[in-house]
Amino acid sequence: MKRMIILTLSLLLLACVFAPAAFANGTGTAVSIVDDGAEVLSENELQSLSDKASSIAEQLDIDVVFVITSDLGSYNTKMAYADDYFDYNGYGPDGVLVLLTMLDENGKRGLYTSTAGSCISKFNEDEQDAVFDDVYDELSSGSYYAALMDYADGIAYHVSPHVPFSSLLIALAVGFVIALVVTGMLKKKLTTVEMQHGAKNYVRAGSMEVTASRDTFLYSTMTRTEKPRDNDRTHTGSSGTSHGGSGHSF
Amino acid sequence: MALQEYKCPCCGGAITFDSSLQKMKCPYCDTEFEMEALLGYDEDLKNEGVDELEWHTDAGSAWTADEENRLRSYVCHSCGGEIIADDTTAASECPYCGNPVVMMEQLKGNLRPDYVIPFKLDKTAAKEGLKQHLTGKFLLPKVFKSENHLDDIKGIYVPVWLFNADADADIRYRATRVTVWSDARYNYTRTDHYSIYRAGHLGFDHVPVDGSTKMADDIMESVEPYDFSDAVDFQTAYLAGYLADKYDVDAEHSVTRANQRVKESTEDAFKDTVEGYATVTAENASVRLKNGESKYALYPVWILNTTYRGQKYTFAMNGQTGKFVGNLPTDNAKLWLTRLLMTAGIGGIIYAVMWLLQLM
């Protein structure tokens, strides 16, 4: 028991020691850029979004790219535009690109998030959807600066190492269930008096004989359930690099 | 022409022949059946019967006059316990309730046992058994070993009824087989339902049932099994130095328990022959007993009574095999402390692993 406590405490200690180290392991190669081709941000807004992007890039050692464009140019989809922008401008291997276009393939304004390398799993589609939902009101009302600043915070939160508080409760609940099972087995050792099931010990050896045996198929029932969506699915852009990502029109 | 009506094995509704499908189809649940399947199922249903659990309960014989002279019967007026001892053994207190006043009476009435399994293990072995029983139990209060006071150890011959029988069984099971596969979008589960029929026989020898109300049935079943090959014809000489209980539940009343155990084991044994299915449930079981006969025997048990903090604890040891049983108290403080520490420890480890996975 004592050993278990010491082990737990040392693991927790280890986590505390490593957590800040992970934040500060930037190698200096990470780059960030805000490309406002549509000119929707003011000079000041552009500067502060750039500052935020570069501080995230440096802290997490990933490339952070914001692209704002009036249309998709020669591209047919936001996805292709975003992936190629990321790949052909030499970003990567790890990074997040956020594309905001005033006119997407659906004839509406659109936002697309493209992830690459380690960011594909660290910032998956469910998390992208959650961040998009948070900034949707700002986007649709045209407050692009506020929306992108909040989106940058969302990227920082999801990509940096984090374990939500609810996970601690789940961990404790699992621990309690295991504790109940183990103590249940220990408690059962104290109970040795109970009525016996059957009379197996008194079956005359070799006396069993099966005289008739028939297995008849009656009928079948079938159920079909939809497969859960794979969160880490990726696609490959024209450059041959794998990307994760999701987009919305608004 | 007799009209044959079939019930749907799936929902119980009356099913009809669908001429376009050339199959039987249930109009209620739309399940389709092959004709052969229904005929087979119907055959299984016809074999259903009722249990016939008859026994010849003519166990035991009358005591001879000589034996009656050499044996004494003691009655405890506190709990009603009745024990037999030979005239050289004096019972000083009731082995069941510990009451020191037992009245000696002349043995009368009752039956003479057919068999006895003599004691193989002595009092020292019983004490050693208790010591072993108390080790390696984490949640047993630590002070129990030092504070519990061994009130007495008694070797008792417990009266048991032994039942022999051949069981004929017809059992119908409902079984399922599950197939799982998937394509790009969906996971599929197909459950095939089967009707399984098994018939056969199985023999049982010397199924024991406790014949004494003073000896708890669950304790007596817990010290099982006894090896009947050691049993010998009853002689009063085997009682020397030990106490023997008189039966107060007769064979006719004990047979219920024997029937239950025989039926459970018969169902289990035939269920083991149903293989290759995901689930198997008995739907109908009819067990008929043939050549059922009973015998009266005495089985050796060491009874140990201890007191711990004012409460009595009874332990029993099989006098033939040394199997030791007896429920023990739980240290509740230790139980909850263990749960708390384990919850914190395991929860902490899982949480730490979650962090480590994030940091990697």
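**Figure 1. Where chain A meets chain B.** In this predicted model, 64 residues of chain A are in contact with 75 residues of chain B. On the chain A side, α1 (2–23), α7 and β5 (209–226) each supply at least two residues that touch chain B. The most comes from β5(A), which gives 18 residues to this side. Sorted by class, the side of chain A that touches chain B has 34 nonpolar, 19 polar and 11 charged residues.

**Figure 2. A strand pairing across the two chains.** Here we zoom in on β5(A), which pairs with strand β10 (residues 186–210) of chain B. The two strands run in the antiparallel sense, and their pairing extends over 16 bridges. To find your bearings, look for Ala212(A), which stands opposite Ala199(B) in β10(B).

**Figure 3. Two helices, one from each chain.** Two packed helices are described by the angle between their axes and the distance between the axes. For helix α7 (residues 165–188) of chain A and helix α7 (residues 332–359) of chain B, the axes come within 7 Å and cross at roughly 140°. An angle over 145 degrees would count as roughly antiparallel; α7(A) and α7(B) are therefore oblique to each other. The crossing of α7(A) past α7(B) is right-handed. Residues of α7(A) that make the contact include Leu168(A), Leu172(A), Gly175(A), Ala179(A) and Val182(A), and among those of α7(B) are Arg339(B), Met342(B), Ile346(B), Ile350(B) and Met354(B). By class, this contact has 15 nonpolar, 7 polar and 1 charged residues.

**Figure 4. β7(A) and its pairing with β4(A) and β6(A).** Let us now turn to a view within chain A. Strand β4 (residues 110–116) and strand β7 (residues 242–249) of chain A pair in the antiparallel sense over 7 bridges. A handy landmark is Gly110(A), whose bridge partner in β7(A) is Ser249(A). Strand β6 (residues 235–236) of chain A also pairs with β7(A) in the antiparallel sense, over 2 bridges, and His235(A) stands opposite His243(A). In the hairpin of β6(A) and β7(A), 5 residues lie between the strands, and Gly240(A) takes a positive phi near 90°.

**Figure 5. Chain A as a whole, for context.** Chain A has 7 helices and 7 strands, which follow one another from the N terminus as α-β-α-β-α-β-β-α-α-α-α-β-β-β. Of its 250 residues, 28% are buried. Among the contacts in chain A with a separation of 6 or more, 71% join residues 24 or more positions apart.

How values were computed: Residues numbered from 1 in each chain as written. Chains lettered and ligands numbered in written order. Predicted model: local features only at pLDDT ≥ 70, side-chain atom pairs only at ≥ 80, totals over all residues. Axes fitted to C-alpha atoms, helices over the stretch in contact; angles between N-to-C directions. Helix = DSSP H or I, 4+ residues; strand = E, 2+ residues; numbered from the N terminus. Parallel < 35°, antiparallel > 145°, perpendicular 65-115°, else oblique. Left-handed = near helix turned anticlockwise from the far one by under 90°. Contact = placed C-beta atoms within 7 Å. Nonpolar A, V, L, I, M, F, W, Y, C, P; charged D, E, K, R; others polar. Pairing = 2+ DSSP bridges. Buried ≥ 20, exposed ≤ 12 C-beta atoms within 10 Å, placed from the backbone.
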